[in-house]
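Visitor: Can you walk me through this one? I am new to reading structures.

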Amino acid sequence: MTETAQRKRGGKAFHSILEPHFDFIHQQRQRRKTWQEIAGLLFTEKDIRVTLYAPYLFYRRRLKRASHWEQSSVDSQSSRPSAPTNRPHSRPAPLPVKPDFKRPNLSTIHTEEFT
């Protein structure tokens, strides 16, 4: 390998600039702030200039990753039952009743009358 190819590999992993401010973004979303307002607050309070899409994409990705890790940790704990035993089992909803529709007898209809 050449010297330039060796320098490109490795290095520090990418971490978002918003990572330390996840709790702040979460609090603002709990207060029902828009993503544009959150981007403005990040600039005024934390001195981080981002577009309005950056906090949204970061927040969505972080929640998705967190729910994935929580789900895998729950799956690994098989000692706990997944549903309470005193809870009744749910049944599917019944099918709707068919309406009383009678098809017309095509042998009694004369289509020549309509032309």
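Guide: One term to begin with: a contact means heavy atoms within 4.5 Å. With that in hand, and not counting residues up to four places away in sequence, Leu 42 touches Leu 18, His 21, Phe 24, Ile 25, Asp 47, Ile 48, Val 50 and Pro 55.

Visitor: Where does the model come from, and how are residues numbered?

Guide: This is a predicted model, in which local features need pLDDT of at least 70 and side-chain atom pairs count only at pLDDT 80 or more, while totals for chains, interfaces and linings use all residues. Residues are numbered from 1 along each chain as its sequence is written, and side-chain values use heavy atoms, with hydrogens and water left out.

Visitor: How many helices and strands are there?

Guide: The chain has 4 helices and 0 strands. Helices (H or I, at least four residues) and strands (E, at least two) are DSSP runs, numbered from the N terminus.

Visitor: And how much of the chain is buried?

Guide: Of its 115 residues, 14% count as buried. Buried means under 20% relative accessible area, exposed means over 50%, and partly exposed is in between (1.4 Å probe, protein chains only).

Visitor: Which residues of α2 are buried?

Guide: In helix α2, residues 22–30, the buried ones are Phe 22, Phe 24, Ile 25 and Gln 28. They sit on the same side of α2, because they cover an arc of only 165° around the axis. The arc is that of the directions from the helix axis to the C-beta atoms.

Visitor: Why do residues a few places apart point the same way?

Guide: An α-helix has 3.6 residues a turn, so residues three or four places apart point the same way.

Visitor: What is on the face of α2 turned away from the buried side?

Guide: That face carries the exposed residues Asp 23 and Gln 30.

Visitor: Which residues make up the largest nonpolar core?

Guide: There are 11 residues in all: Leu 18, Phe 22, Phe 24, Ile 25, Trp 35, Ile 38, Leu 41, Leu 42, Ile 48, Phe 58 and Tyr 59. At least two residues of this core come from each of α2, α3 (35–46) and α4 (53–76). Helix α3 gives the most, with 4 residues. A nonpolar core is a set of buried Ala, Val, Leu, Ile, Met, Phe, Trp, Tyr and Cys residues joined through side-chain atoms within 4.5 Å.

Visitor: Ile 48 is on that list. Where does Ile 48 lie?

Guide: Ile 48 is in the loop between α3 and α4. Its relative accessibility is 8%, so Ile 48 counts as buried. Leaving aside neighbours within four places in sequence, Ile 48 is in contact with Ile 17, Leu 18, His 21, Ala 39, Leu 42 and Phe 43. Ile 48 and Ile 17 are 31 residues apart in sequence, and 8.2 Å apart in space, C-alpha to C-alpha.

Visitor: What about Asp 47, buried or exposed?

Guide: Asp 47 is exposed, because its relative accessible area is 63%. Asp 47 also lies in the loop between α3 and α4. Its phi is near 60°, a positive value in a residue other than glycine.

Visitor: Where is Arg 32, and what is its phi?

Guide: Arg 32 lies in the loop between α2 and α3. Its phi is near 65°, a positive value in a residue other than glycine. At 75% relative accessibility, Arg 32 counts as exposed.
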